[in-house]
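Thanks, everyone. Please have the model open as we go. I'll keep this short.

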Amino acid sequence: MPIAQNKLEQLLQENFPDAQIAVTALVADDNHYSVKIIDKIFAGKTRVEQHKMVNSALKEILGDVLHAMQLSTSAN
Amino acid sequence: MTNILEKIQETISSNDVVLYMKGTKDFPQCGFSAAVAHVLKTLGVDFHDVDILRDAEVRQGIKEYSDWPTIPQLYIKGEFIGGCDIVKEMFQSGELQELLKAKNIIN
C-alpha cells in the first residue's frame, strides 16, 4: 500500500514543523520518493543522527507503505 | 544475538574500512551497494566487504548494531558513517575524502 505525495509531505511537515521540505517522486508509483529536509533542529548533529530523526518520524510507514526514500538533510 | 553483535564489533574494529553490502565489492547485487563500493574504489580505498546476503544473522544483526534500517552500511575506523545517500553526499562535498585523509586511510 503506497503513500500519496501530499500525505508524505503532510506527515513530514507535522513532524518537522519549522523545516523546509521538498518531496519529489522518483517514479510515479507513490512508492519511491526523494526527500530533502532543511531544519535548524539538525544543527550540530551528524548526518546519521539527522537521518535517524527522520526515519523515526516515518517509522510507521518506512519499508511498508513507503518502499524507497532517498533522503538528504541539513541544518541550513 | 549477543554473539552476532560481538562478531560485527570484531569485524569493524579489526578493519579500517568495512562495507556491509548486498553482494561483494566485485559483484554487487544491488545498485545502492554498488554505488558505495564504486565511491570507495574511486578514492582508492582498500576496504573489507561483508556480503549480508550470505548470512541471515549478519543481515539482521547489522541493522540492530547501528540502529539503521538499510544496507549498505559503511564503517570507518569503527564508526558508522552512513548508507548510500550519506556516502554519496559526503563524496560530492569532499567531506568523505577529508575524513579518510584525517584517518590516514588515503593520502
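This is a predicted model. Let's start with helix H2 of chain B. H2(B) lies across strand S1 (17–21) and strand S3 of chain B. To S1(B), H2(B) runs at about 160 degrees.

Now the sheet itself. Chain B has an open sheet of four strands, in the order S2-S1-S3-S4. The pairing is mixed. Which strands stand at the edges? Strand S2 (48–51) and S4 of chain B do. Each has a single partner strand, so one side of each is left without a neighbour in the sheet. From one strand to the next, the twist averages 25 degrees.

Look at one pair more closely. S3(B) and S4(B) run antiparallel, and three bridges join them. Take Leu74(B): its bridge partner in S4(B) is Gly82(B).

Next, helix H4 of chain B, residues 84–93. Which of its residues are buried? They are Cys84(B), Asp85(B), Ile86(B), Val87(B) and Met90(B). What covers them? Chain A contributes helix H2 (47–57) and strand S3 (68–74). From chain B, the cover includes helix H2 (31–42), strand S3 (73–76), strand S4 (79–82) and helix H5 (95–102). After H4(B) comes Gly94(B), with a positive phi near 90 degrees.

Last stop, a loop. Pro69(B) sits between helix H3 (56–66) and S3 of chain B. Pro69(B) has 13 C-beta neighbours inside 10 Å, so it counts as partly exposed. Pro69(B) and Gly83(B) are 14 residues apart in sequence. In space, their C-alpha atoms are 9.6 Å apart.

Key
Residues are numbered from 1 along each chain as its sequence is written. Chains are lettered from A and ligands numbered from 1 in the order in which they are written. This is a predicted model: local features need pLDDT of at least 70, side-chain atom pairs count only at pLDDT 80 or more; totals for chains, interfaces and linings use all residues. A residue is buried if 20 or more other C-beta atoms lie within 10 Å of its own, exposed if 12 or fewer, and partly exposed in between; C-beta atoms are placed from the backbone. Helices (H or I, at least four residues) and strands (E, at least two) are DSSP runs, numbered from the N terminus. Two residues are in contact if their C-beta atoms, placed from the backbone, lie within 7 Å. Two strands pair if DSSP finds at least two bridges between them. Axes are lines fitted to C-alpha atoms, for helices over the stretch in contact, and angles run from 0 to 180 degrees between N-to-C directions.
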